Amino acid sequence: MTTGNKLRLGVLGSGKGSNFVAIGDACAASDSPLEVVLVLSDIADAGISARARERGIPAQFIAPGNYRTKLDEAAEAAFVAALQNARVDLVVLAGFMRILKGEFLRAFPQRVINIHPSLLPAFPGLESWKQALDHGVKFTGCTVHFVDQGVDSGPIIAQKVVPILDHDTPDILHARIQEAEHELYPATLAMLARKRIVVNGRRTFFTNRI
Ligand code: GRF
């Protein structure tokens with residue numbers, strides 16, 4: 001697939017970037033329909049930015065402003081402008097620890113997706129693997145979903161099940177969920193690019209260009 005036909009991804013992350021690495025590795029395959037064109041972070045020295053630069057992908061830090069859980073107005077505008085300047089087709093959240101609302105979502109309607117470490121709608125919010133252990137469920141997993149105004153509440157695109165084993169600790173379970181994420185996220189992005197996904201009963205895909 002030539003570069004011009006690929007789905008252009010803008011990845012947002014605050015952490016170590018293991019999901020970005022999985023997506024970046026998938027993009028490296030010559031027949032991949034995906035291309036990461038920009039990585040943005042709200043953390044100055046985030047691992048995800050280092051992983052991007054190692055791969056020759058532009059990575060930019062944008063100061064989030066004074067709020068703890070969201071971007072302030074100027075930061076939100078700066079994120080939107082950077083993504084639009086990079087002509088991204090899809091905004092991919094990969095461990096981005098701030099809630100995106102209002103103007104950001106209106107700038108990329110139905111074009112922002114996230115991965116969450118549980119089988120939504122169970123265990124939204126933080127440390128979902130601990131929530132699953134505390135609740136005593138036997139299976140958990142990960143979910144790729146569209147981002148809407150709520151927290152981890154948008155339409156579900158794909159899920160992968162992870163069993164919970166007798167002697168799991170939070171760290172061991174989290175690591176097993178992350179392994180599942182690293183398979184699910186790139187595979188789901190490729191299916192979205194290739195028009196092979198049905199969400200809420202409708203075939204869902206992304207034409208290049210918003
Ligand atoms: C992932 O576990 C994802 O489910 C959650 O944030 C984590 C990001 O990890 N939204 P990484 O930075 O991709 O390693």
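The legends below describe close-up views of a predicted model. Residues are numbered from 1 along each chain as its sequence is written, and side-chain values use heavy atoms, with hydrogens and water left out. Local features need pLDDT of at least 70 and side-chain atom pairs count only at pLDDT 80 or more, while totals for chains, interfaces and linings use all residues.

**View 1. The two domains of the chain.** The domain assignment divides the chain into domain 1 (1-109) and domain 2 (114-210); such bounds come from an automatic or database domain assignment. Taken over C-alpha atoms, the centres of domain 1 and domain 2 are 18 Å apart. Contact here means heavy atoms within 4.5 Å. By that rule, 31 residues of domain 1 are in contact with 20 residues of domain 2.

**View 2. The area buried between the domains.** The size of an interface is often given as the accessible area lost when the parts come together. Buried area is the accessible area (1.4 Å probe) that two parts lose on being put together, summed over both. For domain 1 and domain 2 this is about 2100 Å², with 61% of it on carbon and sulfur atoms. In domain 1, the residues that lose the most area to domain 2 are N19, D89 and L93, together 24% of what that side buries.

**View 3. The side of domain 1 that touches domain 2.** Helices (H or I, at least four residues) and strands (E, at least two) are DSSP runs, numbered from the N terminus. Helix α1 gives the most, with five residues.

**View 4. N114 in strand β5.** N114 lies in strand β5 (residues 112-116). Buried means under 20% relative accessible area, exposed over 50%, and partly exposed in between (1.4 Å probe, protein chains only). N114 counts as buried because its relative accessibility is 11%. Leaving aside neighbours within four places in sequence, N114 is in contact with L93, T143, V144, H145, V147, D152 and Y185.

**View 5. E76 in helix α3.** Helix α3 (residues 73-85) holds E76. E76 has 13% relative accessibility and therefore counts as buried. Not counting residues up to four places away in sequence, E76 touches L71, K101, E103 and F104. From C-alpha to C-alpha, E76 and A63 are 9.7 Å apart in space, and they are 13 residues apart in sequence.
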